[in-house]
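User: I am new to this structure and would like to learn how to read its features. Could you walk me through them, beginning with a pocket?

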Amino acid sequence: MAQKIIIIGGGVAGLTAGIYAQKAGFESVVYEKNPVLGGQCTGWKRKGFYIDNCITWLTNGAPKFPVYKMWKEVGFLGDENGNDILCRQHDAFWTSEYNGQSYTFWADLKRAEKEMLELSPQDKKEIKSFFKAVRQCENLRVPFTAPLDMMNLAELTAIGLKLLPVGLAMNKYKKCDLNDLSERFKHPLLRKAFKDYLPGDYLASIMMNAYASIANGGGGVPDGGSFKVAQRMKAIYEKLGGVCHANAPVKEILLEDSPKGKGKKRAAGILLESGEKVFGDFVIPSCDTHYLFENLLDKKYMPPRLKFAYEHPEAHKNGSTFHVVYECSTPAPEIGRRTYFDCRPFEIAGVTLNRLNMKNYNLDPVNAPEGKALIEVKILEQEPQFLYWKNLRETDKAAYDAAKQKAADEILERLLERVPSLKGKLSYLDAWTPYTYTRYCNSYMGNFMTFITTKNSSNLFNIKGTIKDLDNLVLASQWLSMPGGLPMAMTSGKFAVQRILRSLGKSIKIEP
């Protein structure tokens, strides 16, 4: 009889773990707290519009990249019958406006560099250095065959050589955040632009790698968006024999004495909120790691590096977003890719803003009915704003809803001041806050990725996910490697299964 793996959480990490558990010959079961699987990889319909919560771009999401095979296997870029899924590519990252001028970070780096040099010849040295680094970052490849600590010397050497250009770029800018990078430029628009997409305390190398993912032709969006991805992942998993239980929140991980002795424990199963106990041979928690060690396991089992990060928030900041979307009765050609612009000051969650962004979600026809458009504004928020929304929602839901609506109304006024031709054509559709991510996905401080990677962040890369004094439990989560996101979530699911195989003395190679 096949050994049984219990997986807690049906997001990207959990479903990936399930898919590879089935491929490796295990019996596996996924328990998900929500009515649908997918976790943060989701979207929803409002009045015929599709609102996507997750995928902005896929790193290495094109056939020329080795990890494309895995993106396809698990459902991002392939379905349960092995058919390819179209990945729609961006023509640019974003556009920044200031003082009547604009600059676009085009996917075509040659064009982007030429236009930046034309905009600001006095910044030639920094412009050349920046684009050299972005081109080096185009060599980024997602390691996916096995965890780095389980690779042999030849495999590590091969990866190191391929990533050498990326390492050179990151080393050059390793102590440089976006505030620092911005200050290196003389042109006022460029000073604004380099701090538009991400907050200024993010490392510059994070932005460079993200831009490179768009520029190298591997940073597209799968056809149908995030919700369709989750549906395909579930279909692939179930076709392989996996079992999913939705509306099945877990209350506790059940432990028992390990046969290895010396005070060790082993994971024996789970206790559901319903009171049902489920037993298995291994447990893979793929839920938020803070929630895991606050609610399902004793804190003493938390990996030391994670524990240090949670206990030092001054160096490991949290980031989330306030989103608002509007329906437009026309295709809104006046609004294209994400564009940042100055606006009249206004306040959201205790913070005064004087700069906004807008985006027409028109890359995929699924987003809006024919002849209409879906317009999104996204505001990055950190821990104080999360706590504002959390306290409001938990103490007075009516006030919470009113605050969301007031923010949406104020933003709409400023959108129409920027694009007056859309007056009478835009109307509120939906909004969600950082606390929404916590309510639905147990996300720590509303994070949709992991800690913000700053100059003061500690080493949170490649945390193994095994627990020293706890057998038969392996973590699968984007939180095991900064900056998190979809590649980390997906690969962590496969790596968790490979760690189980290794513990059983079996080959870690999982055949298709």
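User: Which helices and strands each supply at least two residues of the lining of the second largest pocket?

Analyst: Helices (H or I, at least four residues) and strands (E, at least two) are DSSP runs, numbered from the N terminus. A pocket is found on a 1 Å grid over the protein atoms alone, as an open set of points where a 1.4 Å probe fits, with protein on both sides within 12 Å along at least five of seven lines; lining residues have an atom within 4 Å of a point, and a cavity is a set from which the probe cannot get out. Here, strand 3 (43-46), helix 13 (397-418), strand 18 (426-432) and helix 14 (434-441) each give two residues or more to the lining. Helix 14 has the largest share, with 5 residues. Please keep in mind that this is a predicted model, in which local features need pLDDT of at least 70 and side-chain atom pairs count only at pLDDT 80 or more, while totals for chains, interfaces and linings use all residues. Residues are numbered from 1 along each chain as its sequence is written, and side-chain values use heavy atoms, with hydrogens and water left out.

User: How many residues line the second largest pocket, and which lie nearest its centre?

Analyst: The lining has 26 residues, and those nearest the centre are Thr-42, Trp-44, Arg-46, Thr-436 and Tyr-440.

User: How many cavities of 30 Å³ or more does the structure hold?

Analyst: There is 1, and the largest cavity has a volume of about 30 Å³. Its lining is made of Pro-199, Tyr-202, Gly-319, Ser-320, Leu-380, Glu-381, Gln-382 and Ile-452. Strand 14 (319-328) and strand 17 (373-382) are the elements that give two or more residues to this lining. Strand 17 gives the most, with 3 residues.

User: Is Cys-176 buried or exposed?

Analyst: Buried means under 20% relative accessible area, exposed over 50%, and partly exposed in between (1.4 Å probe, protein chains only). Cys-176 counts as buried because its relative accessibility is 2%. This residue sits in the loop between helix 5 (153-172) and helix 6 (178-183). Contact means heavy atoms within 4.5 Å; leaving aside residues up to four places away in sequence, Cys-176 touches Leu-181, Arg-184, Leu-203, Ala-204 and Lys-455. The C-alpha atoms of Cys-176 and Leu-203 are 6.1 Å apart, though the two residues are 27 residues apart along the chain.

User: What should I notice about the backbone at Asn-99 and Asn-472?

Analyst: Asn-99 is not a glycine, yet its phi is positive, about 50 degrees. Asn-99 lies in the loop between strand 6 (92-98) and strand 7 (101-106), and is exposed at 63% relative accessible area. Asn-472 also has a positive phi, near 65 degrees, but is found in strand 20 and is partly exposed at 24%.

User: Where is there a cis peptide bond?

Analyst: Such a bond joins Met-482 and Pro-483, with omega about 5 degrees. Pro-483 belongs to the loop between strand 20 (470-474) and helix 15 (486-503).

Terms used
Grid points are joined across faces, edges and corners, and a volume is the space filled by probe spheres set on the points.
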